[in-house]
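Here is a quick tour of a few spots in this structure. Keep the sequence and the model in view as you read.

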Amino acid sequence: MSVNLTCKLSDRHLDSNQGNSQRQLAIAVSAISGVGINNAPLNLCLVLDHSGSMGGQPLDTVKRAARDLVDQMYPQDRISVVGFDHKAKVVVENQPVERIESIKEKIQSLKASGGTCIDDGIKLGLQETSKGKDGTISQIFVLTDGENEHGDNERCFQFSRLATEYNMTLHSLGFGDSWNQDVLERIADAGGGAMAYIPSPEAAGAEFQKLLKRVQAIGLTNAHLILQLAPHVRLAELKPIAQVAPDTIELPYQTEGDAIIVRLGDLMTDVERVVLFNLYISPASYIASYPDQSEIPLLTAQVRYDIPSLAQINSLSPSVAIAAELVKDFTPQVDPQVQNHVLALAKYRQTQLAEQKLQEGDRAGAATMLQSAAKTALQMGDHNASTILQNNATRLQEGTFLSESERKKTRIASKTVLQAPTNP
């Protein structure tokens, strides 16, 4: 197992006559599977809401989706199941996926009753997952259909952050239309995972399988991107780092000495994590010292990661140097791939502003921002997202309130690319 690390600037040419320049740097990272080396076993915990509102078809379809998911796992994998209403309980203790029928019978035994306490479910899920984390890839799926009425949302976020400290990843699944997208998004973002939307019982199986396929592709874990900036390069002051694929999220960073450290979490073998950096470059001091150089060094990047299949931690990828070309007769040459990443982040931020304006009662402002996000999605070639965003903008302009379903579709459209651009 090793890391694929590629770096691209939005424009690798700099005007040597200009004092300051701004550039976006896209760094794509994925795992490379070695010959004869398989991914480590999966250690999966399902944290399932079985409160009273899940009664009938919703819980029946979730249990069926969970049983089907168990059928898709391997004997060397591990499974545990936690159920929660206003309190949490272990339904399936952490164990290898060997006694499949027994595991499925215990999942089937869940009955709908009580209220909702998501944080108790996450807490017990962390405890159960920790029993099988050695030498495995630990993932937690948290599914709920409602508000955390008997719990504390801040505890949810604290437990999610705690999961990443112990090299576990937490994903959230919202079932139906009564769950709080702000809470589930923060749970997934803090836990290093994805947020999924299950609009109807019939969609439960597909969303479970999609998430299972994602976590089965994980080859490396606990990945951190390490950047060393040149003296004449700095990060933008406001929101300088964001992941733009496979999901969009503003990323925090830490500094160790003069290094910038960004946690990426899991690395998949078939899907790149793409992180976008907003850089400001001041080449004057470099040109003064090296007037004859045509290239200006900007930074070096490498990845620190764990290889669970080999029980190796803190492995380091080779360092990659990024430089720009100094030119006197400057003509912009924008990289189209990086530009698409910039658009993905713009779509996310425009949608966030729309939701903020909607909360403030500014329906006209929200509609304008959703229209901007729709145009941005169209520029990316994401026609599906553009349609969702434009339709909701039109509804607001017509004086119609957005339904919970429409608000949730908007959130998903803002965070992910629903349709890949077609090749010309």
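Helix α2 covers residues 100-108, and the residues tucked away in it are Ser 102, Ile 103, Lys 104 and Ile 107. "Buried" here means under 20% relative accessible area, with exposed being over 50% and partly exposed in between (1.4 Å probe, protein chains only). Helices (H or I, at least four residues) and strands (E, at least two) are DSSP runs, numbered from the N terminus. The cover over the buried part of α2 includes α1 (57-71), β5 (78-84) and β6 (88-96).

A word on the source: this is a predicted model, so local features need pLDDT of at least 70, side-chain atom pairs count only at pLDDT 80 or more, and totals for chains, interfaces and linings use all residues. Residues are numbered from 1 along each chain as its sequence is written, and side-chain values use heavy atoms, with hydrogens and water left out.

Next up is strand β12, residues 241-245, where five of the five residues are buried. Two strands count as paired if DSSP finds at least two bridges between them.

| Partner of β12 | Sense | Bridges | A facing pair |
|---|---|---|---|
| β13 (249-250) | antiparallel | two bridges | Ala 242 and Glu 250 |

Now look at helix α11, residues 404-415. Its 12 residues reach 17 Å from the first C-alpha to the last, close to the expected 16 Å; that expected span is 1.5 Å times one less than the number of residues. Why is α11 described as largely enclosed by the rest of the structure? Because nine of its 12 residues are buried. Among them are Ser 405, Glu 406, Ile 412 and Lys 415. The buried residues of α11 pack against several elements, including α5 (181-190), β9 (192-198), α8 (336-359), α9 and α10 (383-397).

One of those, α9, spans residues 363-380 and holds Ala 373. Is Ala 373 buried or exposed? Ala 373 is buried, because its relative accessible area is 0%. Skipping neighbours within four places in sequence, Ala 373 is in contact (heavy atoms within 4.5 Å) with Lys 347, Gln 350, Thr 351 and Leu 389. The C-alpha atom of Ala 373 is also 9.0 Å from that of Ala 385, which sits 12 residues away along the chain.
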